[in-house]
Amino acid sequence: LLWQAALGCRAAQVLMQYCILANHYWFLVEAVYLYKLLIGAVFSEKNYYRLYLYLGWGTPVVFVVPWVAAKYLKENAERGGACALCAPALSPSPQINLLIFMRILKVILAKLRANQKGYADYKLRLAKATLTLIPLFGIHEVVFIFATDEQTTGILRYIKVFFTLFLNSFQGFLVAVLYCFANKEVKSEMKKKWQLWKLDH
């Protein structure tokens with residue numbers, strides 16, 4: 001019974017690491033997709049859909065499998081010693097997201113400057129775009145990617161846990177509000193549906 005509990009605990013830990021990495025790689029998919037839209041790249045969605053799926057769900061396996069092997073070998077060598085490195089720390093996705101994020105900001109800045117006469121508040125618009133893209137791309141993950149639970153102590157650990165849990169918990173909600181419910185097209189469609197529903201009833 002004890003070995004079953006230990007096996008279940010390890011399986012849950014592996015699944016958690018996989019889910020964290022899948023979250024990171026779906027941020028990367030969003031970043032690549034938005035960048036392609038922003039630079040006006042002409043591409044067929046059918047050609048990229050499968051690639052996005054492999055990137056979002058498949059790539060985490062490439063990092064989780066070596067992590068599991070390293071953890072297993074370390075635990076055997078140290079008789080239950082914890083592996084200091086977590087699977088997400090092996091992944092370069094937050095750093096790639098940061099590079100794409102900076103490139104997108106550069107494109108947005110160039111477009112806002114080109115239309116500066118039309119938008120007198122272009123600096124404010126750039127700041128708004130920056131703050132909006134941070135949760136979408138998971139840029140906050142870069143700050144704590146190397147500060148694992150084993151390496152952080154005291155007040156720094158509490159700060160890390162608070163920001164990680166808060167941002168990860170509300171990230172989906174924030175993205176839904178900014179990119180769906182606050183979107184003019186979505187609001188217009190919802191208004192049409194509401195009016196049609198009222199007419200039918």
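Reader: Which pattern does the protein follow when it is read along the sequence?

Author: Read from one end to the other, the protein follows the pattern α-α-α-α-α-α-α-α. The model is predicted. It holds eight helices and zero strands.

Reader: What does the UniProt record place along this chain, and at which residues?

Author: An unreviewed UniProt entry places the feature "transmembrane region" at residues 25-44, 51-69, 126-147 and 159-182. Such annotations may be inferred rather than shown by experiment, and the model can be read beside them. Residues 51-69 are 100% helix and 0% strand, with end C-alpha atoms 27 Å apart. For residues 159-182 the figures are 96% helix and 0% strand, and the end C-alpha atoms lie 30 Å apart.

Reader: How is exposure to be read, and is Leu15 buried or exposed?

Author: The general idea is a relative accessible area: a residue is buried under 20% and exposed over 50%. Leu15, which lies in helix H1 (residues 2-38), has a relative accessible area of 52%, so the residue counts as exposed. Ser93 is placed in helix H4 (residues 93-114). Over the whole protein, buried residues make up 27% of the 201 residues. The protein exposes about 14000 Å², of which carbon and sulfur atoms supply 69%.

Reader: Which residues is Ser93 in contact with, beyond its neighbours within four places in sequence?

Author: A contact here requires heavy atoms within 4.5 Å. With those neighbours left aside, Ser93 is in contact with His24, Tyr25 and Leu28. Contacts can also be read for the protein as a whole: among those with a separation of 6 or more, 72% are between residues 24 or more positions apart. Leu15 and Val64 are 49 residues apart in sequence, and their C-alpha atoms are 9.1 Å apart in space.

Reader: Which residues touch the most other members of the largest nonpolar core?

Author: The general idea is that, in soluble globular proteins, nonpolar side chains tend to be buried together. In this model the largest nonpolar core has 18 residues, and Ile100, Phe101, Ile104, Ile108, Leu133 and Phe137 touch the most other members. H1, helix H2 (45-78), H4 and helix H5 (122-137) each supply at least two residues of this core. The largest share, six residues, comes from H4.

Reader: Why does this core lie between domain 1 (1-93) and domain 2 (117-200)?

Author: The core lies between them because both domains give residues to it. Phe137 may be examined in detail: leaving out residues up to four places away in sequence, Phe137 touches Phe27, Glu30, Ala31, Leu34, Asn97, Ile100, Phe101 and Ile104.

Reader: How many salt bridges are counted, and which side chains meet in a salt bridge?

Author: The test is a side-chain nitrogen of Lys or Arg within 4 Å of a carboxyl oxygen of Asp or Glu. The count comes to one salt bridge. The side chains of Lys192 and Glu189 meet in it, with an N to O distance of 3.6 Å.

Reader: Where do Lys192 and Glu189 stand in relation to one another?

Author: Both belong to helix H8 (residues 184-200); they are three residues apart and so are separated by about one helical turn. Lys192 is partly exposed at 45% relative accessibility, and Glu189 is partly exposed with a relative accessible area of 43%.

How values were computed:
Residues are numbered from 1 along each chain as its sequence is written. This is a predicted model: local features need pLDDT of at least 70, side-chain atom pairs count only at pLDDT 80 or more; totals for chains, interfaces and linings use all residues. Side-chain values use heavy atoms; hydrogens and water are left out. Helices (H or I, at least four residues) and strands (E, at least two) are DSSP runs, numbered from the N terminus. Buried means under 20% relative accessible area, exposed over 50%, partly exposed in between (1.4 Å probe, protein chains only). A nonpolar core is a set of buried Ala, Val, Leu, Ile, Met, Phe, Trp, Tyr and Cys residues joined through side-chain atoms within 4.5 Å. Domain bounds come from an automatic or database domain assignment. Accessible areas come from the Shrake-Rupley method with a 1.4 Å probe; for residues, only the protein chains shown count as cover.
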